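This report covers side-chain contacts between charged groups and aromatic rings. Please read it alongside the sequence and the coordinates.

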Amino acid sequence: MEIKDSGSVVLTAYHSYTPPRTPLLQQGFDSPESLRSRQSPTIRKSQSRKINRMLSNESLHSPVFNRSLSQVSVDSTSMEDFWCEVESIKESNEERQEGNMVMEVKPADEGELEAEWLQEVGLSTLISGTGEEAGQALLSTLTRTQAAAVQKRYTTYTQTMRKKNKHTVRDVRDIFGGNDSSPTFDPIPVSPIPMNGLQLSRIKPVWKPVKSCLEKASPSVAEELSFEVSFSEAIAGDNKIQEIPKNQRIKKDDSALPKFIVWKSRFGLTEVGDLSLEDMKKIRYLSLIELTAFYDALGIELKRNRTARVKGRENGLFGVPLTMLLDNDQKKLPGTKVPLIFQKLLQKLEESGLETEGILRVPGSALRVKTLRQELEATFYEDNFDWNQVRSNDAAGLLKMFIRELPSPLFTVEYLPAFIALVEKISKIKLQLQALHLLIMLLPDANRDVAKALLQFLKKVVANEDKNKMSLWNVSMILAPNLFMCKGKSANQEEMKAAASTAHIVRLLIRYQDILWTVPSFLISQVRKMNDAAATNTKKQLTFDKSVRKLLRRKTMERERPERRREQTEVPEGVIRVYAPLHSKVSMAVQLNSRTKAKDILARFHCENSHGPSDYNYEPSQSLYEIGGNIGEHCLDPDTYMLDVYHANPQAEWILKPKAS
């Protein structure tokens, strides 16, 4: 890390990293001699050269490490794979000095950081004073712990601005009421809440377990996860105070990871791709507020990096920002969510590399990888690149190169400290998983889609461990430096401290990925309430327009006509009209009862259009969508109980259409 006269901190590219000399032995890791004794002659010779280079390549300013430097250590294992991957990255980047990019991290005072936080959660109106209704709509959805987190950041911001005498700021009581400790709005209750944020006691929820991936390595006893209640509220309501662990030890044994069961409520489960882009934007606002409240409840400071935007290449495949790469790809293939080059590399590895021993760990030829990269850059979009010439290990090298050369890291620089803190400051896996869940919800759409594709591939690698000899921990150690390694000349100490932490994070990402792509239902409930509040504010504004009031009066008179009243009485309670534009029968009225599920409606349309018996086990090509009302667009889980959703959003329309891939 280089400090310039201006006070800015510059993080340089990976090739500037110099591996530490002493930590491998002082941290209790295996010595090169013990490693060699367990390896074949060929691997032993190769690894010996690498480790000797690592031990002899100490920088002039290398810090002295010892076990006390790190809050997290590894139990009964070495980090050999991690540091060999670091050395491989260093050698790879030494060949690409001309591709060095600079990422600038600017210093900021506490007030500026809190101002940025308020903007990131969609509450810039508290700073500017404009668009007050939008801010109030968001504030009206918050739980007590979330409201306290917002109030704490706003108070810090106002106090800092007053000290600087920059401009007049409103007192926190002007926004949150006369008492600083409580907001003026009614927070969402702590008890389980349905999707519309209101308490309903009509029907007791029926739960169904949902299995997570890689369960064969899990203990027999499973722990329940609930998405119905805010994570931070659950912690605040727990009398047991979570202690910050000291010198926490991470167990290498993958079977030590607990098995979790996510229960389906009557509203089913919602994946990240099941909501509209506008609603997902609100999910990100609420996720950051909830993550902050979650860390506050645990007594952990949520630190953020304040970075300047890095401008990568505008053309090509490697070193190009994800959004720009997707823009280029969508011109060729509309609707692309994962860069085409990334898809091709994953496809190549799945076809020929899943059973290759040491895949991801054993590096390909540096010369071949360099040549393949140049050929891909020149010919990829011409569709004449010969993928048969690419060896599995070379494809793995290109895949890792693509990830680490992204101008902005896949899991974002801003919240890298939050990722590290969830391991170093939290001891329970369940709480670590909840923090990780919220961080995944925070990712930009492009980053999350690429991360999902990557983790699904890594899951397949681990599933073939018997043949490729790559355990979950092995894969995690290899990917961690590519995803989380710092970019600085003096990054040795920080990387050493975070090595085991980042490997554990990747392991959690792979192991529990099916859980992480599910949007917590308490966040969806808050989005519904936020949309309701925004609609109410809009109606209030419209009432001041005279012409609108006249129009509304006319519409009211029309609704009071006898024929209109007869039409309304003819529509029974609990009846919805479902539209299916792609079916021969384009609409159907459906009477809902307490047992009607979304898949029942799909099966009924299938039966009507196929003129055959209803088959409840068939795989539908379309999904049922809830559109409008207090939600933008929501693809319903087939196990959703429709009457519950109908009561939560009576103004919605119901449409059958294919689910976006």
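D445 has a relative accessible area of 25%, so D445 is partly exposed; buried means under 20% relative accessible area, exposed over 50%, and partly exposed in between, with a 1.4 Å probe and protein chains only. The model is predicted, so local features need pLDDT of at least 70 and side-chain atom pairs count only at pLDDT 80 or more, while totals for chains, interfaces and linings use all residues. Residues are numbered from 1 along each chain as its sequence is written, and side-chain values use heavy atoms, with hydrogens and water left out.

**Salt bridges**

D445 forms a salt bridge with R448, with 2.8 Å from N to O. The term denotes a side-chain nitrogen of Lys or Arg within 4 Å of a carboxyl oxygen of Asp or Glu. Both residues belong to helix α18, 3 residues apart, about one turn of the helix. Helices (H or I, at least four residues) are DSSP runs, numbered from the N terminus. R448 counts as buried, because its relative accessibility is 3%.

In total, the structure holds 18 salt bridges. One of them joins D383 to K332, where the closest N and O atoms are 3.0 Å apart. This pair links distant parts of the chain, 51 residues apart: D383 sits in the loop between α14 (366-379) and α15 (392-404), and K332 in helix α12 (residues 322-332). D383 is exposed at 59% relative accessibility, whereas K332 is partly exposed at 39%.

Another salt bridge pairs K460 with E350, at 3.1 Å from N to O. Here too distant parts of the chain are linked: K460 is in helix α18 (residues 445-463) and E350 in helix α13 (residues 340-352), 110 residues apart. K460 counts as partly exposed at 36% relative accessibility, and E350 is partly exposed with a relative accessible area of 31%.

| Salt bridge | N to O distance |
|---|---|
| D445 and R448 | 2.8 Å |
| D383 and K332 | 3.0 Å |
| K460 and E350 | 3.1 Å |

Salt bridges also link K264, K599, D637 and D639 in a network.

**Aromatic pairs**

A pair of aromatic rings is described by the distance of the centres and the angle of the planes. The structure holds 11 aromatic pairs. Among them, F380 and Y381 are edge-to-face, at 5.2 Å centre to centre and 75° between the planes. Rings of Phe, Tyr and Trp (its six-membered ring) pair if their centres lie within 6.5 Å; planes under 30 degrees apart count as stacked, over 60 as edge-to-face and the rest as tilted. F380 is buried, with a relative accessible area of 8%, while Y381 counts as partly exposed at 33% relative accessibility.

F411 and F484 form a stacked pair, 5.5 Å centre to centre with 10° between the planes. F411 lies in the loop between α15 and α16 (416-424) and F484 in helix α20 (residues 472-484), so this pair ties together parts that are 73 residues apart in sequence. F411 is buried at 3% relative accessibility, and F484 is buried at 6%. One aromatic cluster is formed by F318, F342 and F402.

**Charges over rings**

The charged end of R266 sits over the ring of Y641, 3.8 Å from its centre. The criterion is NZ of Lys or CZ of Arg within 6 Å of the ring centre and within 35 degrees of the ring normal. R153 lies over the face of W117, at 5.9 Å from the ring centre.

How values were computed: Helices (H or I, at least four residues) and strands (E, at least two) are DSSP runs, numbered from the N terminus.
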